[in-house]
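The entries below follow the order in which I checked things.

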Amino acid sequence: MNNHQDNQERSSLHGQWSSRLTFILAVTGSAIGLGNIWKFPYIAGENGGGAFVLIYLVCIFIIGFPIMVSEIMLGRRGRRNPITSMKILGQEEQGNEAWKYVGLIGLMAGFIILSYYSVIAGWTLHYFKLSIFGELSNLDNETAQSIFGQLTASASTQLIYHTFFMLITIGIISKGIKDGLERSVKLMMPGLLLILIILLLYSVFQGDFMAGVNFLLIPDFSKVTPQSVLAAMGQAFFTLSLGMGCIVMYGAYLPKNESIIGTTTTIIFCDTMIALLAGMVIFPIVFQFGLKPTDGPGLIFLTLPLAFNEITGGYIFSGLFFILLAFAAITSALSLLEPSVAWMIENKSYSRTKSAFIIGLLIWSLGFLTIFSFNILSEFNFCEIRSCNDDWKGTLFDNFDHIASNIMLPLSGLLFTIFASWVMKRKHSMDELSDIPTSVYKLWRFSARYIAPIGVILVFLSAIGII
Ligand code: TRP
């Protein structure tokens, strides 16, 4: 029996998506989340706006696209959690099991990311509560800042919401993610889009729209540093959920006859639109109310309540917005947790519930450090442990995000794509992409072999000062 037949007989241990739509919804649900609405605007703001956005878009298309295709492909051939899939495929293609470590880096990145993701998702739940209790009315710039300041100063409030969010995530994962996922994504996406459009109208007519759009879209290359290029690439990986293995994991549940390129195109399009829309909503409000683009992780929590405050019936939209954002965060959090849980089920033979609780507990505990980084540990960072450069000067939360998003994700993404395009036999990758014309296949292979890896390596080299 050759490898090819071997693969066709391999099926996932956890079932398959019921339809192509479910897969698209699951991956879009994973991709669209806090990364688009919370992280993109604040990282863009911290890195000077327009030029950052341009580099981010370039990274999405020339690095993100081929890597997403590679990851789905690896998952569908491996049909296991990312570590096991890489181990099986490495053995099959090259007789080498060491590729499993790529999956392991990804899983570790997912661990770190979920630990702070859940804390921020907790903030959105808190803002949902504030909205429906009318505590966000009659706001001005100062009150908005003090409400946010109170939240970050209180470790206990953040802990309650963080715990609540982790419990929901663990609960859903222990039931298996298919049920509920489809429904929540179908509800959340149109809802979120609708409120963003309402907010956009507000920004166009009431905000300082031109200042916002100029900031976001007109590149000022004097602001580009190797560090901002690294941040743009990291954000491209983060927003598309790449490098961590969750796309590999979701690919493992994809039926054989679905088009990988087609689904990737849809997902990337939706994800990018939502991020740009969020940016166009936020920055006009930033400038109108005299806030600063560099206000950091609190940016959406400082700006949006001010805008909602001025719209008639704004508190309804505000409540809806924050709860929908929490839903968007849940569908992303599921994808951050699922690969480790699947790994534990497949390797330790624990039940799904037990695995979800064990891993969830570890991630929940790690989240404490993020919570403390906004209050009792706000002065502490990795540079306290050993001397380091400016990249590490932020809070512990910044350090976690930097190491996971800007280093671990691109590194394992790079290795995934090298595997798919250099190690995996041409016949095998062609078989996975059989629905597209040969010219498109060649384009993918060229980007996956050369453009994406060289791009990632150049960005890394320039960030550490070698070029
Ligand atoms: N992409 C999600 C967002 O933008 C977050 C996310 C989900 C993620 N799965 C991931 C980030 C895997 C990195 C890796 O909110």
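Entry one, the neighbours. I began with the residues around the ligand in this predicted model. I found 17 of them, and A31, G35, Y117, F238 and S241 come nearest.

I looked at backbone atoms next. A backbone N or O atom of A31 lies 2.8 Å from a ligand oxygen atom. On the nitrogen side, I noted a polar backbone atom of F238 at 2.8 Å from a nitrogen atom of the ligand. T239 also has a backbone N or O atom 3.2 Å from a nitrogen atom of the ligand.

How much of the ligand does the protein bury? I read off 100% of the 360 Å² that the ligand exposes when taken alone. The space the ligand takes is the largest cavity.

I listed the elements that give two or more residues to the shell around the ligand: α2 (20-31), α3 (34-46), α6 (100-132), α11 (226-239) and α15 (314-348). By type, I counted nine nonpolar and eight polar residues in this shell, and no charged ones.

Entry five, the largest pocket. I then turned to the largest pocket, with a volume of about 430 Å³. Its lining has 20 residues, and E46, N47, A231, H402 and N406 lie nearest the centre. I see at least two lining residues from each of α3, α11 and α18 (396-423). What is the make-up of this lining in nonpolar, polar and charged residues? I got four nonpolar, ten polar and six charged.

Notes. Residues are numbered from 1 along each chain as its sequence is written. This is a predicted model: local features need pLDDT of at least 70, side-chain atom pairs count only at pLDDT 80 or more; totals for chains, interfaces and linings use all residues. Side-chain values use heavy atoms; hydrogens and water are left out. A residue is near a molecule or strand if one of its heavy atoms lies within 4 Å of it. A polar contact is a pair of N or O atoms within 3.5 Å; within protein, one must be able to donate a hydrogen and the other to accept it, and residues adjacent in sequence count only if both atoms are side-chain atoms. Accessible areas come from the Shrake-Rupley method with a 1.4 Å probe; for residues, only the protein chains shown count as cover. On a 1 Å grid over the protein atoms alone, a cavity is a set of points where a 1.4 Å probe fits but cannot get out, and a pocket is an open set with protein on both sides within 12 Å along at least five of seven lines; lining residues have an atom within 4 Å of a point. A molecule sits in a cavity or pocket if more than half of its atoms lie within 2 Å of its grid points. Helices (H or I, at least four residues) and strands (E, at least two) are DSSP runs, numbered from the N terminus. Ala, Val, Leu, Ile, Met, Phe, Trp, Tyr, Cys and Pro count as nonpolar, Asp, Glu, Lys and Arg as charged, and the others, Gly among them, as polar. Grid points are joined across faces, edges and corners, and a volume is the space filled by probe spheres set on the points.
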